[in-house]
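Biologist: I'd like to go through this one piece by piece. Please put it up and we'll start.

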Amino acid sequence: MANRQQPLVQVKDLVVSFGERRRKFDAVRGVSFDIHKGETFGLVGESGSGKTSIGRAIIRVYPVASGEVIYDGRRISGRIDKALDRQVTQKIQMIFQDPMASLNERAKVNYIVSEGLLSSARHLSRQQREDKVSQALMDVGLLPEFASRFPHEFSGGQRQRIGIARALVMQPEFIIADEPISALDVSIRAQVLNLLTDLQAQHGLTYMFISHDLSVMRFICDRIAVIHRGLLVELAQTEQLFRHPLHPYTRALLSAVPMPNPALERNKCPVVYDESVHDYQNDPPAWHEVEQGHFVRANQRELADYLRLIQP
Ligand SMILES: Nc1ncnc2c1ncn2[C@@H]1O[C@H](COP(=O)(O)OP(=O)(O)OP(=O)(O)O)[C@@H](O)[C@H]1O
Ligand SMILES: [Mg+2]
């Protein structure tokens with residue numbers, strides 16, 4: 001069970017911008033959340049909402065325009081010293097959506113999986129590196145012999161396992177999984193999700209799971225944050241979010257989730273989110289906790305409605 005006392009990751013007022021001066025555009029517009037040790041934290045939102053930008057800002061691939069990222073009590077955004085940079089490179093790993101595009105096609109699996117070790121664990125002998133690669137391949141359910149093969153010899157699901165082995169070999173604490181199953185056949189998605197869940201238990205990992213699909217997140221996330229155009233609109237424990245979805249954008253996302261009951265599914269009316277429902281001119285929105293651990297972006301009038309919904 002997740003330790004609720006100690007956040008492993010703290011994202012504070014994060015802004016990520018692209019472009020220069022007058023063409024500057026904020027892809028992430030001031031986002032704050034904590035991720036607890038051992039939990040799976042979901043980040044859901046439509047394409048272009050800023051999910052990947054948040055992940056890349058955490059792993060220092062994108063600079064933060066303002067705000068900060070704290071990891072295990074230490075600021076890792078902005079200028080940091082070399083030793084800390086090396087720790088971040090080892091402890092935080094990312095798994096990507098498209099296993100084909102993210103693997104170097106001309107390199108053998110051995111090289112692909114061990115690449116991170118070449119820079120971060122230079123003291124290792126070749127044999128020690130190969131042993132670590134074998135272990136990582138076995139951990140993700142592949143044969144150690146696969147190390148001498150090329151990525152094109154594998155299926156999509158196996159390639160994603162190679163991508164996971166590549167992260168795992170670093171002995172990370174925190175993994176950002178960016179749409180890790182979206183590009184896979186529906187038939188093998190569950191296998192890869194189960195693998196991620198098993199690895200979490202075995203290695204005590206903390207996950208940030210990025211997806212646009214709430215039906216998948218329901219199974220694996222402890223908490224879910226909903227992002228719309230670079231701003232969080234709602235954050236709650238998974239069961240709270242499904243029981244009391246408050247923000248109209250969350251409701252719209254949920255209306256796209258297939259329901260197990262065919263009668264309900266037939267009568268379902270898809271909700272479309274229209275931002276003009278908010279009257280933010282005279283009554284500006286803020287981030288409110290409406291029940292324990294359940295936050296929503298709302299103005300005063302909306303807040304009153306939401307509280308009535310939660311405590312009828
Ligand atoms: N390197 C970049 N340079 C310029 N603009 C970028 C860059 N990366 C992202 N953006 C822009 O920032 C916004 C957020 O993009 P981001 O990739 O974070 O969204 P996302 O939520 O991950 O979307 P998707 O679900 O499609 O992966 C988009 O408008 C995108 O075009
Ligand atoms: Mg993305």
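Modeller: Go ahead.

Biologist: Which residues does Ser114 touch, not counting those up to four places away in sequence?

Modeller: Ser114 touches Arg129 and Val133, where contact means heavy atoms within 4.5 Å. Bear in mind that this is a predicted model, in which local features need pLDDT of at least 70 and side-chain atom pairs count only at pLDDT 80 or more, while totals for chains, interfaces and linings use all residues. Residues are numbered from 1 along each chain as its sequence is written, chains are lettered from A and ligands numbered from 1 in the order in which they are written, and side-chain values use heavy atoms, with hydrogens and water left out.

Biologist: Where does Ser114 lie?

Modeller: In helix H4, residues 109-120. Helices (H or I, at least four residues) and strands (E, at least two) are DSSP runs, numbered from the N terminus.

Biologist: Buried or exposed?

Modeller: Ser114 has 5% relative accessibility, so it counts as buried. The cut-offs are under 20% relative accessible area for buried and over 50% for exposed, with partly exposed in between (1.4 Å probe, protein chains only).

Biologist: What does the side chain of Ser114 reach?

Modeller: The backbone oxygen of Asn110, at 2.8 Å. That is a polar contact: a pair of N or O atoms within 3.5 Å, where within protein one must be able to donate a hydrogen and the other to accept it, and residues adjacent in sequence count only if both atoms are side-chain atoms.

Biologist: Now the ligand. How many residues surround ligand 1, and which are the closest?

Modeller: There are 13 around ligand 1, and the closest are Ser47, Gly48, Lys51, Thr52 and Ser53. A residue is near a molecule if one of its heavy atoms lies within 4 Å of it.

Biologist: What are the polar distances to oxygen atoms of ligand 1 from Ser47, Gly48 and Lys51?

Modeller: From Ser47, a polar side-chain atom lies 2.5 Å from an oxygen atom of the ligand. Gly48 uses a polar backbone atom, at 2.8 Å from a ligand oxygen. For Lys51, an N or O atom in the side chain is 2.8 Å from an oxygen atom of ligand 1.

Biologist: How much of ligand 1 does the protein bury?

Modeller: 61% of the 640 Å² that ligand 1 exposes when taken alone. Accessible areas come from the Shrake-Rupley method with a 1.4 Å probe, and for residues only the protein chains shown count as cover.

Biologist: Which elements give two or more residues to the shell around ligand 1?

Modeller: Strand S2 (25-36) and helix H1 (51-58). H1 gives the most, with three residues.

Biologist: How do the residues of that shell divide into nonpolar, polar and charged?

Modeller: Four are nonpolar, six polar and three charged. Ala, Val, Leu, Ile, Met, Phe, Trp, Tyr, Cys and Pro count as nonpolar, Asp, Glu, Lys and Arg as charged, and the others, Gly among them, as polar.

Biologist: Back to H1. Which of its residues are buried?

Modeller: Lys51, Ser53, Ile54, Gly55, Ala57 and Ile58. With six of its eight residues buried, H1 is largely enclosed by the rest of the structure. Just after H1, Arg60 takes a positive phi of about 75°.

Biologist: On to H10. Which of its residues are buried?

Modeller: Tyr249, Thr250, Ala252, Leu253, Leu254 and Ser255. The helix spans residues 248-255 and is mostly covered. Its buried residues pack against strand S3 (40-44), helix H8 (214-220), strand S9 (223-228), strand S10 (231-237) and helix H9 (238-243).

Biologist: Switching to rings. How many aromatic pairs does the structure hold?

Modeller: Six. One is Tyr249 with Tyr273: the ring centres are 5.4 Å apart and the planes at 55°, so this pair is tilted. Rings of Phe, Tyr and Trp (its six-membered ring) pair if their centres lie within 6.5 Å; planes under 30 degrees apart count as stacked, over 60 as edge-to-face and the rest as tilted.

Biologist: Where are Tyr249 and Tyr273 in the chain?

Modeller: Tyr249 is in helix H10 and Tyr273 in the loop between helix H11 (262-266) and strand S11 (286-291), 24 residues apart. Both are buried.

Biologist: Last one: what is Ser255 in contact with, leaving aside its neighbours within four places in sequence?

Modeller: Lys268, Cys269, Pro270 and Val271. Ser255 is at 11% relative accessibility.
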